[in-house]
Amino acid sequence: MAAQTQFSGGFENAPVQAAHAFRAAMTVMARPGEIRALTGIEPPAPLSLAAGTLLLTLCDPETKVHLAGDTDTDAGRKWLTFHTGAPIVSADQADFAVGTWRALGPLNAYRIGTPEYPDRSATLIVECDQLEQRAAVLSGPGIKDTARLSLPDVPALQSNATLFPLGCDFFFTSGDKIAALPRSTQIRTEG
Amino acid sequence: MYVAVKGGEKAIENAHTWLAEERRGATDVAELTLAQIREQLSLAVNRVMAEGSLFDPDLAALAIKQARGDLIEAIFLIRAYRTTLPRFGYSNPVETGEMACDRRISATFKDAPGGQVLGPTFDYTHRLLDFKLAADGEIPEAPQGPARQEPTPHITEFLKGEDIIQDEPASDETPGDLTREPMEFPSNRPLRLQSLTRGDEGFVLGMAYSTQRGYARNHAFVGELRIGKVVVEMDIPELGFAIDIGEVELTECETVNQFTGSKTEPPQFTRGYGLVFGQSERKSIAMALVDRALRWEELGEDNLGAPAQDEEFVLSHADNIQATGFLEHIKLPHYVDFQSELELVRKLRREAEERITQKEAAE
Amino acid sequence: MTENTNIATEAREDWMGLLARAPDDALMSLWDGIQNRPSFEWLRSPEVGGVMVRGRTGGTGAPFNLGEMTVTRCSVVLQDGTVGHGYVQGRSKPKAEAAALVDAMMQTSAAGELQAQLLDPLHQQMQAAKTARAAKAAATKVEFFTLVRGED
């Protein structure tokens with residue numbers, strides 16, 4: 001079908017495609033700085049291919065999603081509802097939030113978990129203009145020596161890392177590309 | 001301490017093959033079909049659905065067959081399976097007042113509207129073995145009467161008019177779900193009921209019996225027991241309205257408990273509640289008694305220190321899959337743990353012997 | 001998309017509910033008898049999942065989670081753009097597919113025929129089974145009679 005409707009653009013073979021997408025998402029989260037391609041669906045604009053695929057892979061009726069800024073469209077809401085059943089919520093309740101860095105707003109709006117349950121925190125899907133292995137220097141679990149990744153806001157992400165084991169985790173998406181930054185990664189600007 | 005042990009693959013494989021053979025039994029005896037189990041061992045199927053916490057009679061029948069009739073093993077299989085299912089959502093609360101009742105009795109009101117409907121009960125059987133069943137399966141057809149068209153009202157509705165029974169005001173509060181968030185104490189009534197309805201029938205029965213024998217006695221009457229089918233309705237987001245998504249058989253028990261009043265509540269009847277998948281009468285009565293015992297705090301009663309009043313004790317031990325997992329794991333290899341224990345006991349023994357020898361030498 | 005919005009929601013609730021509750025074999029044998037099945041594309045291919053069933057404390061009070069039930073769902077789109085959804089109890093993918101197609105076809109000109117050939121007979125079968133059970137229950141209703149108990 002040519003026209004984008006709330007019902008189209010999902011996985012054609014959900015178990016297999018979602019498993020591949022999950023593998024890619026897990027790999028980039030386990031190896032901060034690594035960039036993978038993520039495809040399989042056609043999300044409504046302005047969601048990128050990678051961000052849309054990630055939402056369909058990770059979300060279900062029990063994950064609350066915040067659509068920040070331009071991503072909060074009627075088409076986007078209906079599409080996400082049909083394919084995942086995920087409730088759309090404000091930033092402070094979100095398990096997942098998606099949007100540009102500017103639209104997502106200050107990080108202190110999001111849940112960072114509790115000492116008993118650090119996992120009760122938000123994962124932010126940050127839509128970027130470009131995603132490249134340059135600029136910020138990453139080190140920590142999952143990284144041999146160092147890795148590099150173009151990050152939208154180094155000071156804010158550094159301060160998130162100081163909250164460890166609490167804090168938010170991040171996916172960065174651009175077109176069909178995806179990378180990730182868990183809260184356990186140390187960030188430097190040098191070089 | 002757990003240490004990976006290698007080896008035994010061949011033995012395990014052969015054990016599994018033999019298990020399959022033993023499960024089948026003598027091959028000159030016809031093999032059980034799932035439909036036979038579902039239709040003819042339906043109360044076992046019901047128990048597996050209730051404690052497996054998944055309503056699907058065909059799956060429960062398969063689990064019973066695979067588990068060779070070991071119901072806790074079958075429940076384990078169902079619990080494992082249900083974790084693989086994507087959760088489509090939560091239903092609207094079922095309306096048990098709309099139940100198509102197969103059975104509906106009250107121990108408190110003889111002439112309740114809707115009457116005393118016995119249904120297919122064991123209650124008035126003589127508990128004598130029926131050797132005819134060993135010979136053939138011929139059964140007479142059950143007689144029919146004039147079918148009731150309208151729903152059967154709840155008995156407790158009649159007491160409400162007199163304002164003499166504690167009310168259960170409706171709410172739309174979202175209940176906690178112990179399959180999603182680990183149980184924390186103190187808990188609340190919705191979580192307690194979820195835990196009890198999937199709890200081990202034997203454990204819940206034992207706890208309920210303890211209240212009858214005097215450990216936090218709460219003088220329960222079965223105000224009403226009903227068994228039948230209710231429709232399950234769910235809001236479908238893409239439709240924008242709710243539809244029936246199926247029908248489940250339930251057993252509901254409401255106890256009416258004598259209550260002379262407390263520091264905070266006037267004398268009135270209080271209530272215990274049991275609701276269980278399938279025809280699970282013993283379980284739902286037991287659940288209602290235990291529910292009532294656990295309500296001591298909200299009703300302003302004294303904590304008598306009875307086991308059935310101890311929420312942490314009851315809820316932490318009600319789940320037979322958690323229990324059997326922890327219990328049965330001790331038969332698996334603990335060679336290294338035991339080796340260290342052995343070393344320790346030998347050392348203590350040596351030291352004790354040395355002390356005795358030194359003492360004797362000194363005397 | 002030309003989804004017909006004139007279809008009364010209530011009627012759609014009725015047929016979707018009937019399809020969801022229908023015994024597998026009853027629905028499938030009626031469905032097998034339907035000619036002229038439309039061609040379609042999947043919007044969501046059949047998937048088996050669980051729905052958490054809720055009850056209320058004391059039958060009327062606060063909701064609590066009772067346990068899950070299996071449900072299979074799928075969504076189809078016909079060539080003319082009509083969308084059909086199937087939500088059925090159990091784990092039968094063919095049953096979910098049939099339910100979604102019936103839901104879609106009931107929004108088209110095929111509705112009258114389908115109502116007569118599938119939904120009506122299905123409703124009658126299910127109602128007859130329900131009534132037979134209620135009749136057996138009725139036969140076990142206790143008729144009390146009072147014995148004379150001697151004078152006090």
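**View 1. How much of chain B is tucked away.** Of the 363 residues in chain B, 36% are buried, meaning that 20 or more other C-beta atoms lie within 10 Å of the residue's own, with C-beta atoms placed from the backbone (12 or fewer is exposed, in between is partly exposed). This is a predicted model, where local features need pLDDT of at least 70 and side-chain atom pairs count only at pLDDT 80 or more, while totals for chains, interfaces and linings use all residues. Residues are numbered from 1 along each chain as its sequence is written, and chains are lettered from A and ligands numbered from 1 in the order in which they are written.

View 2. Chain B has a radius of gyration of 26 Å, whereas a compact globule of 363 residues would come out near 21 Å; the radius is taken over C-alpha atoms, and the globule rule is 2.2 Å times the number of residues to the power 0.38. Along its principal axes, the C-alpha trace spans about 90 × 65 × 55 Å.

View 3. Chain B has 13 helices and 6 strands, taken as DSSP runs numbered from the N terminus (helices H or I, at least four residues; strands E, at least two). Helix 1 covers residues 9-24 and reaches 23 Å from its first C-alpha to its last, close to the 22 Å expected (1.5 Å times one less than its number of residues). The count of buried residues among its 16 residues is 0. Just after this helix, Gly25(B) takes a positive phi of about 70 degrees.

**View 4. Where the two domains of chain B meet.** The domain assignment gives domain 1 (10-82) and domain 2 (96-119 + 151-167 + 179-324), with bounds from an automatic or database assignment. Their contact takes 12 residues from domain 1 and 14 residues from domain 2, contact meaning C-beta atoms, placed from the backbone, within 7 Å. On the domain 1 side, the largest share, 6 residues, comes from helix 3 of chain B.

**View 5. The largest nonpolar core.** Such a core is a set of buried Ala, Val, Leu, Ile, Met, Phe, Trp, Tyr and Cys residues joined through C-beta atoms within 7 Å. Among its 149 residues, Leu54(A) and Val290(B) touch the most other members. Domain 1 and domain 2 of chain B both give residues to this core, so it lies between them. Leaving aside neighbours within four places in sequence, Leu54(A) has contacts including Ala21(A), Leu38(A) and Phe171(A).
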